[in-house]
Amino acid sequence: MIREARKSDSKALKEICSNDLGYPCDELLVEQRITNLNTNRECVLVAEIDGEILGFIHVERYDALYYPSVVNIMALAVSKKIRRQGVGRKLICAAEEWAKGNGISVMRLNSGATRIEAHMFYRNMGFDDEKQQLRFLKKL
């Protein structure tokens with residue numbers, strides 16, 4: 001079942017972020033983010049199977065001055081326990097429906113250069129490589 005994330009999903013989402021996505025995080029941070037979602041411009045959907053959260057997708061509306069609005073996939077993760085069983089595909093399809101429901105017809109995402117299997121999955125889902133780029137961060 002694909003549904004919107006709830007505050008009570010925070011622990012499971014933290015585990016998926018840490019163990020399967022590779023981004024150690026704090027459960028309280030995940031809970032705060034879910035609680036404070038701006039539902040006018042973003043959505044977190046979870047894949048729940050037999051009462052267990054096994055994947056999620058976080059999408060947001062992305063509005064640039066120079067390009068029509070797109071939906072940006074902020075994160076997509078599926079537990080290693082259940083990969084290659086269609087969960088990621090279902091999450092992306094549900095996010096596409098959310099995008100269409102918000103009048104947006106283009107989705108985009110960034111994926112780390114080393115995530116070769118993920119790149120193959122995205123191509124199979126109809127995403128094209130648009131460009132290669134570097135990401136810069138500055139701590140303030």
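I started at a strand pairing: I49 stands opposite E52 in β3. Pairing here needs at least two bridges found by DSSP between two strands. Helices (H or I, at least four residues) and strands (E, at least two) are DSSP runs, numbered from the N terminus.

Before going further I noted what I am looking at. This is a predicted model, where local features need pLDDT of at least 70 and side-chain atom pairs count only at pLDDT 80 or more, while totals for chains, interfaces and linings use all residues. Residues are numbered from 1 along each chain as its sequence is written, and side-chain values use heavy atoms, with hydrogens and water left out.

**Entry: the hairpin**

I looked up how β2 and β3 pair, and the answer is antiparallel, over eight bridges. The two strands form a hairpin with two residues between them. D50 is in that loop between β2 and β3. Its phi is near 50 degrees, which is a positive value in a residue other than glycine. Is D50 buried or exposed? D50 counts as exposed, because its relative accessibility is 82%. The cut-offs I use are under 20% relative accessible area for buried, over 50% for exposed and partly exposed in between, with a 1.4 Å probe and protein chains only.

β2 itself reads otherwise: seven of its eight residues are buried, so the strand is largely enclosed by the rest of the structure.

Next I wrote down the strand order. Five strands make an open sheet, β1-β2-β3-β4-β5, with mixed pairing. β1 (2-4) and β5 (107-109) are at the edges with a single partner strand each, so one side of each has no neighbour in the sheet. Neighbouring strands are turned by 35 degrees against each other on average, direction ignored.

β1 and β2 pair in the antiparallel sense over three bridges, and I2 has A47 in β2 as its bridge partner. I73 has L109 in β5 as its bridge partner. A reminder to myself for viewing: in a regular strand the side chains alternate between the two faces of the sheet.

**Entry: α1 on the sheet**

What does α1 lie across? Helix α1 (residues 10-21) lies across β2 (42-49), β3 (52-64) and β4, and runs at about 85 degrees to β3. For angles, axes are lines fitted to C-alpha atoms, for helices over the stretch in contact, and values run from 0 to 180 degrees between N-to-C directions.

I listed the buried residues of α1: S10, L13, I16, C17, S18, D20 and L21. Their cover includes α2, β2, β3 and β4. Just after the helix, G22 takes a positive phi of about 90 degrees.

**Entry: α1 against α2**

The axes of α1 and α2 (residues 27-35) come within 8 Å and cross at roughly 115 degrees. I found S10, K11, L13 and K14 in α1 meeting E27, V30, E31 and I34 in α2, with contact meaning heavy atoms within 4.5 Å. By class, this contact has three nonpolar, one polar and four charged residues. In that scheme Ala, Val, Leu, Ile, Met, Phe, Trp, Tyr, Cys and Pro count as nonpolar, Asp, Glu, Lys and Arg as charged, and the others, Gly among them, as polar.

**Entry: α3 against α4**

Helix α3 (residues 87-101) and helix α4 (residues 116-124) pack at about 50 degrees, with their axes 11 Å apart. That makes α3 oblique to α4; the scheme takes angles under 35 degrees as roughly parallel, over 145 as roughly antiparallel, 65 to 115 as roughly perpendicular and the rest as oblique. G88, R89 and I92 in α3 meet F121, Y122 and N124 in α4. This contact divides into three nonpolar, two polar and one charged residues.

R84 is in the loop between β4 and α3. Its phi is near 65 degrees, again a positive value in a residue other than glycine. R84 counts as exposed, at 73% relative accessibility.

Last stop was K131, in the segment after α4. K131 is exposed, with a relative accessible area of 60%. K131 and E96 are 35 residues apart in sequence and 21 Å apart in space, C-alpha to C-alpha.
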